[in-house]
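Colleague: I would like to learn how to read a structure, one feature at a time. Can we look at one together?

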Amino acid sequence: MLKFYYSGAPNPMKVALFLEESGLPYETVPVDTRKGDQFKPEFLKVNPNGKVPAIDDDGVLVFDSNAILLYLAEKTGKFLPAKTDKARGELLSWMFFVSSGVGPYFGQAVHFKNYAPEKLPYAINRYVFEGNRHAGILDARLGQHKYMLGDTYTIVDMNVWGWARMLPNVVGEGAWDKFKNIKRLVDEINARPAAKVAGALKDRHKFKTEMDAESLKAMFPHLTEKVA
Ligand SMILES: N[C@@H](CCC(=O)N[C@@H](CS)C(=O)NCC(=O)O)C(=O)O
């Protein structure tokens, strides 16, 4: 059976949503990143990048939420757009926009605002600015179409949902007034039974919540290792 290596963080949640939406049978393997489970040799064999999510699909190892969504969608034929060159072009463009833009910029905005030991105005402004810019592009797209690829709910919407749920943490309190089309999509997906099960997966395991010295060392190893 497919093994799903996860935590309750945004990237694993996208995959949890797909697994629940598709009805694929799977078993959960918690990876407590605040305890450093991501660096255990057995997990690094599944994901050499030492991050969640990853899957072991009967010996087929796939890591990175974006790659997993594409892999599972293509394998099952579910939550994909029409089989035309135009639709495939849009699918890949928006998937890579989320993977190379939304995820990294949103993640760095949250990092510099909440976790960096020094509050660096330049870094905070750069990443919150880029977070806003990326959110604006998503919002404009969702102002033209019900879903990211048109009339059909696809893996791109799941990919957006993982991070968009956190939008107020990224761009600040006024997020939902400013990005109403993203809010509409997030609310719609949150109301789906699959999203409720996905969101509750983190309660199946007692993940560490404290951000103590052990957690900081595991999540932010650069704090103790100077390379520049
Ligand atoms: N591009 C990767 C990023 C994965 C990632 O950063 N995962 C975070 C959780 S959302 C993680 O494992 N953090 C623990 C760590 O960096 O040690 C993806 O989309 O899967």
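Predicted model: local features only at pLDDT ≥ 70, side-chain atom pairs only at ≥ 80, totals over all residues.

Colleague: What span should α3 have, and how far apart are its end C-alpha atoms?

Modeller: The expected span of a helix is 1.5 Å times one less than its number of residues. With 12 residues, α3 should span 16 Å, and its end C-alpha atoms are 16 Å apart, so the two agree.

Colleague: Which residues of α3 are buried?

Modeller: Buried means under 20% relative accessible area, exposed over 50%, and partly exposed in between, with a 1.4 Å probe and protein chains only. In α3 the buried residues are S65, N66, I68, L69, L70, L72 and A73. Their cover includes β1, α1, β3, β4, α4 and α6.

Colleague: How many residues of α6 are buried?

Modeller: In α6 (residues 155-164), 10 of the 10 are buried, so this helix is largely enclosed by the rest of the structure. Among them are W161, G162 and W163.

Colleague: In what order do the strands of the open sheet stand?

Modeller: Two strands pair if DSSP finds at least two bridges between them. The order of the 4 strands is β2-β1-β3-β4, with mixed pairing. β2 (26-30) and β4 (60-63) are at the edges with a single partner strand each, so one side of each has no neighbour in the sheet. Strands β3 (residues 54-57) and β4 run antiparallel and are joined by 4 bridges; D56 is opposite L61 in β4.

Colleague: Which residues have the most contacts inside the largest nonpolar core?

Modeller: A nonpolar core is a set of buried Ala, Val, Leu, Ile, Met, Phe, Trp, Tyr and Cys residues joined through side-chain atoms within 4.5 Å. The largest has 61 residues, and F4, I155 and I182 have the most contacts inside it. Helix α4 (residues 85-115) gives the most to this core, with 11 residues. A second, separate core of 6 residues includes Y5, V46, V52 and A54.

Conventions
Residues numbered from 1 in each chain as written. Heavy atoms only, no water. Helix = DSSP H or I, 4+ residues; strand = E, 2+ residues; numbered from the N terminus. Contact = heavy atoms within 4.5 Å.
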